[in-house]
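User: Hi, can you walk me through this one? I'd like to start with the charged contacts.

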Amino acid sequence: MANFTAADVKALREQTGAGMMDVKKALTEADGDQAKALEIIRLKGLKSLSKREDRVASAGLLVGTVVDDKAGILVEVNSETDFVAKNQKFIDFAHSVLESAVNSGAATLEDLLAASHEEGTVQDALNTMGAVIGEKLEIRRIVRLEGELVTLYLHQTSPDLPAQVGVLVSTDEAGREIAHDVAMHIAAYQPMYLDRDHVPADVLAQERSTLEKITLQEGKPENIVPKIVEGRLNAYFKDNCLVDQEYARDPSKTVGQVLKEAGATLTDFVRLHVGA
């Protein structure tokens, strides 16, 4: 019988995030030696990386920070299961990747994966972490938002999971008092664009065309179709443009009105949702 206890299994699972059977097999092979078992888990995991390439990493978390109030960074790190996503080892790894993003100034995924991380690169660390945990792990994306004043909001969609939604908002200094509340609104209401001017021309043309077809199919007279379509476009803007949306904290006002009353200007925002 191998020389290890249930406490040894628990300790190695907490250290690596690996499955119980994988830990037991490694401890058995190592005759209870924790250091040897850890190396066995790591090496076996590295050998099986290619076998996991076709698996989907759709769980995970978002980590973020703001540097000097001027630059916000969000990083999405994915795992295959929520079990791993809430593992402290995985959470700590995600924060170490964020630290590499800050230190390197990376703005693209390619730059982040090539950035320094402890004794190698972020890509090296990702491979090692995936090998130890035994799941396909992926750093899906990084976004940076710069401005006069950048505010970060991270939202947990479930109390037992790390943040699944992340928002960065760029405002002028006058927006400092309301930026956090606006970021919370963005997390909940999911606007796609800042305002009507930011809706891409091709998207607007497609929406207009679709609404025209729907209106004609409803049997409306052709001479009033343009007016009906414009009304329905206004509803589209209200659903998808931040400044036209009813403000979450006071639906009697739009976000645009709230910003105007505060004398604030919102210049840009980013909203990420894990797996979306």
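User: How many salt bridges are there?
Analyst: The count comes to 13 salt bridges. Keep in mind that this is a predicted model.

User: Which residue does Asp-69 pair with?
Analyst: Asp-69 forms a salt bridge with Arg-176. Their closest N and O atoms are 3.3 Å apart.

User: Where do those two sit in the chain?
Analyst: Asp-69 is in the loop between strand E1 (59–67) and strand E2 (71–79). Arg-176 belongs to helix H8 (residues 176–189). The pair links distant parts of the chain, 107 residues apart.

User: How accessible are they?
Analyst: Asp-69 is partly exposed, at 34% relative accessible area. Arg-176 is partly exposed as well, at 39%.

User: What about Asp-160 and Lys-86?
Analyst: Their side chains meet in a salt bridge, 3.6 Å from N to O. Asp-160 is in the loop between strand E6 (149–155) and strand E7 (165–171). Lys-86 is in the loop between helix H4 (82–85) and helix H5 (88–104). That puts the two 74 residues apart. Asp-160 is partly exposed at 44% relative accessibility, and Lys-86 is partly exposed at 39%.

User: And Asp-244?
Analyst: The side chain of Asp-244 meets that of Arg-196 in a salt bridge, 3.0 Å from N to O. Asp-244 lies in the loop between helix H10 (225–240) and strand E8 (246–247), and Arg-196 in the loop between H8 and helix H9 (201–217), so the pair ties together parts 48 residues apart in sequence. Arg-196 is partly exposed, with a relative accessible area of 37%.

User: Which residues are joined into one network by shared partners?
Analyst: Asp-69, Glu-173 and Arg-176.

User: OK, new topic: helices. Which residues of H2 are buried?
Analyst: In H2 (residues 20–29), Val-23, Ala-26 and Leu-27 are buried. Seen down the axis of H2, its buried residues fall within an arc of 100°, so they line one face.

User: What's on the face turned away from that?
Analyst: The exposed residues Met-21, Lys-25 and Glu-29. Just after H2, Asp-31 takes a positive phi of about 55°.

User: What span should H7 have?
Analyst: H7 (residues 122–133) has twelve residues, so at 1.5 Å a residue the helix should span 16 Å. Its end C-alpha atoms are 16 Å apart, which agrees.

User: Which of its residues are buried?
Analyst: Among them are Val-122, Ala-125, Leu-126 and Met-129. Gly-130, Ala-131, Val-132 and Ile-133 are buried too.

User: And what comes just after H7?
Analyst: Gly-134, with a positive phi of about 90°.

Technical notes
Residues are numbered from 1 along each chain as its sequence is written. This is a predicted model: local features need pLDDT of at least 70, side-chain atom pairs count only at pLDDT 80 or more; totals for chains, interfaces and linings use all residues. Side-chain values use heavy atoms; hydrogens and water are left out. Buried means under 20% relative accessible area, exposed over 50%, partly exposed in between (1.4 Å probe, protein chains only). Helices (H or I, at least four residues) and strands (E, at least two) are DSSP runs, numbered from the N terminus. The arc is that of the directions from the helix axis to the C-beta atoms. The expected span of a helix is 1.5 Å times one less than its number of residues. A salt bridge is a side-chain nitrogen of Lys or Arg within 4 Å of a carboxyl oxygen of Asp or Glu.
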